[in-house]
Amino acid sequence: MNSEELHLSGMPRCSRLAGWFALGALLLCGLGVVQNPAQFYHSWLVAVLFVLSIALGALFLNMVFHLTGAEWSSPVRRLLENLGATLPILFVLTLPLFFGLQELYPWSRAATVAEDHLIQFKTPFLNSSFFIARALIYLSVWTLLALRLRALSLQEDKDSAGQLPARMRKLSAAGVILFGLTVTFAAFDWLMSLDAHWYSTIFGLYVFSGFVVAGLAGIILLSRYLQVRGYLTKTIGIETYHDLGRMLLTFTIFWAYMGVSQYFLIWYGNIPEETIWYQQRWHGSWRAISLILVFGHFMVPFLLLLTRWAKRNLLMLGLLSGWLLVMHGVDLHWLVMPALHAEGLVLSWQDLVSLVGVMASMIWWLGWISSRHPLAPRLAVIKP
């Protein structure tokens, strides 16, 4: 491998620019807290979950590749590790949500709890102190897993003959279990409890599948960006993109399967506490968003990704990855915002500012950590 194409020459300009965008956007977010705190915290929740999902999707894929011994993934393994290593800054950016629990969650308001017997029954689990403690556990588990895997991978570059691959495989085995549990409970806490009356046993899998789609789309776009800049051109080949495209198709189908399964189970059961959630999202302009998700998040990318051409045409694969990230953002908006705007879609400048603030912070951090080490493991398998 050519060492020049594996090392960034300092922090990329786009990352430095992202740092300034992040600073400006975060300052505007402070204005949003004062002007309309309810809107800010809902917008911030969507933004944090969107960016967090990319990092968590990358972490999950990295662990799965270690577990399965997928040598084809080695050219993009360091990129997955770098995306996962943005979790420390996302940990920090999640903390502001703790100050807005009463704006986000009805169960955190004493007056609401006093009048609602169902929420009173759930109070041992849904209370502010326990909620924050659980959130800190989730974030700590994800961050420690990501940083430890990356540290072992960097160590392997210097000691390729040791037991590091076995150690990473064992860590990934435990990590996948912890990941599944924490993501499921985080989905229950951060998203499902926005409506404390509603429940769905399949909701964790629905959120998880969206996170993996976001992680796959993110790694494809990051790989393409670096190759356009002249990096990893001889490391990541068309076969690697083809394999990533097949996984993107698989998890797009899985996301749709989870969504349809959840819908039909609730439709068949016809329990008021469950059906009200979908009824709300079939009201006003939310109906259009629901249909956009059916066609935009599944039908269109599914039909295109079925073709071998779309998975091997780098322009098309990049466009589809970007499109799926947009649809993932729409999905998160659809999950969160009806709790605030039940009458229909209401777009706010705080949605954009929050997303720019969190995303730009991640890009700035990603550029910094990527410039410190090679962009691919020393033993990366090169495919033509």
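Colleague: Which residues are linked in a network of salt bridges?

Modeller: R77, R78, E81, E156 and D157 are linked that way. Keep in mind that this is a predicted model.

Colleague: Why would such side chains pair up at all?

Modeller: Side chains of opposite charge can pair when their charged atoms come close.

Colleague: OK, take E156. What does it form a salt bridge with?

Modeller: R77. The closest N and O atoms of E156 and R77 are 2.8 Å apart.

Colleague: Where do those two sit?

Modeller: E156 is in helix 8, residues 128-158. R77 is in helix 3, residues 74-84. The pair links distant parts of the chain, 79 residues apart.

Colleague: Is E156 buried or exposed?

Modeller: Buried. E156 has a relative accessible area of 9%. The cut-off for buried is under 20%, so E156 falls in that class.

Colleague: And R77, buried or exposed?

Modeller: R77 counts as buried too, at 12% relative accessibility.

Colleague: Next one. Which residue does E81 pair with?

Modeller: E81 forms a salt bridge with R78. Their closest N and O atoms are 2.7 Å apart.

Colleague: How many residues apart are E81 and R78?

Modeller: Three, within helix 3. That spacing means about one helical turn separates E81 and R78.

Colleague: What are the relative accessible areas there? Start with E81.

Modeller: E81 has 2%, so it is buried. R78 is buried as well, with 0%.

Colleague: Is R134 buried or exposed?

Modeller: R134 is buried, with a relative accessible area of 6%.

Colleague: How many salt bridges does the count come to?

Modeller: Seven.

Colleague: New topic. Where is H42?

Modeller: H42 lies in helix 2, which covers residues 37-68.

Colleague: Buried or exposed, that H42?

Modeller: H42 counts as buried, at 1% relative accessibility.

Colleague: What is H42 in contact with, leaving aside its neighbours within four places in sequence?

Modeller: With E103, L104, V336, M337, A339 and L340.

Terms used:
Residues are numbered from 1 along each chain as its sequence is written. This is a predicted model: local features need pLDDT of at least 70, side-chain atom pairs count only at pLDDT 80 or more; totals for chains, interfaces and linings use all residues. Side-chain values use heavy atoms; hydrogens and water are left out. A salt bridge is a side-chain nitrogen of Lys or Arg within 4 Å of a carboxyl oxygen of Asp or Glu. Helices (H or I, at least four residues) and strands (E, at least two) are DSSP runs, numbered from the N terminus. Buried means under 20% relative accessible area, exposed over 50%, partly exposed in between (1.4 Å probe, protein chains only). Contact means heavy atoms within 4.5 Å.
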